[in-house]
Every structure is written in structure tokens, then in C-alpha cells.
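Here are my notes on this one, as numbered points. Have a look at the fold first, then read on.

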Amino acid sequence: MKFIVSRDVLYKNLSAISGVLGTNSTLPILDNFLFSVEGDLLTLTASDLDATMTATVQLTYVEGEGAVAIPSKTILETLKLMPETPVTFDIDIENHIIKFSTENGEYDSSCFPGEEYPAMKTMNEPQSFEIEAVILQRAISKTLFATGNDELRPNMMGVLCELSNENITFVATDAHKLVRYTNNAVKVDDSAAFILPKKPITQLKSTLSGVNDKVKVEYTADTHHIRFSFANIVLFSSLKEGKFPAYQAVIPKDNPNKFVVDRKDFHKSICRVGIYSNQSTFQVRISLSDEKKVVTAEDLDFSNKAEEVIKGSYIGETMDIGFNSKFLREMLENLDSETISLEMSQPNRAALIVPTEQDSPDEDLLMLIMPVMLNY
């Protein structure tokens, strides 16, 4: 089997799918990319069993057909250091030898039989819908950071996707913070809900960057699988099993105390003051009243203390409330609005952070942060 492909095209597509490769795979074959040639199409595959990603490349010169598994590290590192040039692949399938060459060099490596590579699972009569790539990428970007890392709570280690005939909603939480993104421009006839695993959608997020096409989403509720198809890319993944927390019950409805502040100024203030907080709790105190708005932090163990007055508009009762500065900073970093509204009811109840203006009339973004008990 022999074919010629552009270095830039091959490297771009291998890089796009490489994120799903496992780091500690129990199957050595999964440390490889699968190269499959059929007709004038080269299909590149990466998998960790739970997720499989493919990219299809059109070839202008090809002899023969077949499939081989090529060591991912070897091919990626070689292509990374290579300038743009046509690369000729000459593969001896029977003896498991691959030779790829350019006008300046020749590289030999062992390869493995393609039939040893796990095949992508099939989906029987999946339900489907289409979504603009920019909306899907934004929905993932705005929620992914809030997913949990606790393996004892696997249902939180992903993003909930809810479909209805009114909108599409993405929700993520780790029990300390929660983000809900809703877009009314995407509607489906049949309601559904499933949990998207963190690793494949992290890869999907980066791959969707700059894509202007629509993404076809196919899913099966009974077999817990989902497939995203766009341009020349396909991402197939299992879904998280289990029940997502009843997030609607924890979102407070009545929040009479509202602090409207410039997002960037507030973020910088939290960053600066947070340096002086206790490095195990990262606690900052926000003191709000008609006369003054102050952010403070203190670490008694090291005699560290910081205080800043911040500008903003506050309506409500005088209040002192504490937050984990790392969580608060992270949420502010994932908002785009110039100003945000911090909405609260009591110092011991969840607070909401909402943008004062949405990027799109179809979009609604809400963030929730749990307070911490003040100890000074």
C-alpha cells in the first residue's frame, strides 16, 4: 500500500484527533493511530475505547488499500519537526513495516495489523439534531470548567445536555459551583437528557474552534452513545451513566441583594486580594453596604492581610459573605459581559453570578457559587 499526503494536512488532522488517545491504556494497540485507506480516502483514527475520533483526508495519489496501526508518538513528533512537504508512505502490511519519506529524508518504523485495532461501535436507529458549531463550542466552553473531579461522584464528571422543543441546556457542577447555559435557537422534537463525559468534549471543544459548519449530533438513549459529525471529523463516545443532580432545586429564585460591578475590575481585585488568603481555604470576604464595598482576605498563620475598596452599585441589606477566591476567579474568567450582577439572599445561601448583558438574545447564562463560612 502506498500513498502521498501533505505534511500540513496530515499533522493537522492527527493533532485534531490525538486528544482522545489514552495516557495509560491497558491495550498497547491504543497507543497507535489507525491509518485506513479505501479508494482515494485516508481515514485516521484515535481511540481510548470510551471515545473514538476519526478524520478523513482526500488523497491525490494512492496504490492499494488496507489498514495499519502506526505508533502515535513516533509519527506526531516526526511530523511536528518537519516542514511542509509531500510525504510518501510505503507500507508493507504483511511484514508490518512502514516507510515514510520526503525529498530530504526517509523514516522506517514498525506498525501493527489494522484488524487488531478496536472497531468503532455502531448505533442502531439513533435520534439526531443539528447545531451550529459556534453554539456547541460556546456551550461546552462556558460549562466544562465547572465539572467535578471526584471519582466517587462520576455523574458530576461531565456536562448534562437537556434537549426540548423550546431550547437546549448544558449544565455542569462540582457541588461548589454550578453553570447553566441555555440557547433558545436550538430546538428538538423529542425531549432527552444525557451526560457528556469530560475528556471527549474537551477534545470536541478544541476541535470546534474556528469551525463554521453545522454539527450533526446523533445519540441513543438505550445504549448510551453519542456521535458528533462535522467537516471531515467524527467523534464517537459513550455517555456517562447515572443520574445528574437535581440542579434546578439548588438555584435560588429570590435574591433581593444585588451587586453590579465591572467584571474585569472585580476579577483583578479578587486575584490580588486572594494572594493573601489562607492557602487551604482561599477565603475572601465581600462586605457590601450603601456606603462601602470591600474585598478582604487574611491568613492568620502567616500574618498576611489585604483589603481593597471596589466600585459598584449595591442594592440590598448590609452583608458580609465569604467565597473561595479560586472558584470566584474562575467563574469571572469564563464570562464575557463587561459588567456582572452578584445576586444573594443570605450569607449562608448560594449566590448567583449573571452577566448584565447576553451575547445573543437566544442565550441565557447563569453561574452559581456556594459561600464559605467566614472565620475572621
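1. A word on terms before the details: contact, or touching, means heavy atoms within 4.5 Å. This is a predicted model, where local features need pLDDT of at least 70 and side-chain atom pairs count only at pLDDT 80 or more, while totals for chains, interfaces and linings use all residues. Residues are numbered from 1 along each chain as its sequence is written, and side-chain values use heavy atoms, with hydrogens and water left out.

2. I'd start with Phe-89. Leaving aside residues up to four places away in sequence, Phe-89 touches Met-1, Lys-2, Phe-3, Val-5, Leu-10, Phe-35, Ile-75, Ile-98, Lys-99 and Phe-100.

3. As background, nonpolar side chains tend to be buried together in soluble globular proteins.

4. Next, helix α2 (residues 72-80). Helices (H or I, at least four residues) and strands (E, at least two) are DSSP runs, numbered from the N terminus. Which residues of α2 are buried? They are Ser-72, Ile-75, Leu-76, Thr-78 and Leu-79. These sit on the same side of α2 because they cover an arc of only 165 degrees around the axis, taking the directions from the helix axis to the C-beta atoms. The face turned away from that buried side carries the exposed Lys-73 and Lys-80. What the buried residues of α2 pack against is α1 (7-17), β2 (32-38), β6 (66-71), β7 (86-92), β8 (97-101) and β9 (106-110).

5. Three of those strands belong to an open sheet of five, in the order β5-β1-β7-β8-β9, with antiparallel pairing; two strands pair if DSSP finds at least two bridges between them. β5 (61-63) and β9 stand at the edges with a single partner strand each, so one side of each has no neighbour in the sheet. From one strand to the next, the twist averages 20 degrees. β7 and β8 run antiparallel and are joined by five bridges, and Asp-92 has Ile-97 in β8 as its bridge partner. α1 lies across β1 (2-6) and β7, at about 85 degrees to β1; axes are lines fitted to C-alpha atoms, for helices over the stretch in contact, and angles run from 0 to 180 degrees between N-to-C directions.

6. An open sheet of four strands, also antiparallel, has the order β22-β21-β20-β24. Its edge strands, β22 (304-309) and β24 (319-324), each pair on one side only. Six bridges join β20 to β24, and Ser-287 has Asp-320 in β24 as its bridge partner. Helix α6 (residues 325-333) packs on the sheet, touching β20 and β24.

7. Last, look at Arg-285, in strand β20 (residues 283-288). Is Arg-285 buried or exposed? Arg-285 is buried, at 14% relative accessible area. Its side chain makes a polar contact with the side chain of Asp-320 (2.9 Å). A polar contact is a pair of N or O atoms within 3.5 Å; within protein, one must be able to donate a hydrogen and the other to accept it, and residues adjacent in sequence count only if both atoms are side-chain atoms.

Notes:
Buried means under 20% relative accessible area, exposed over 50%, partly exposed in between (1.4 Å probe, protein chains only).
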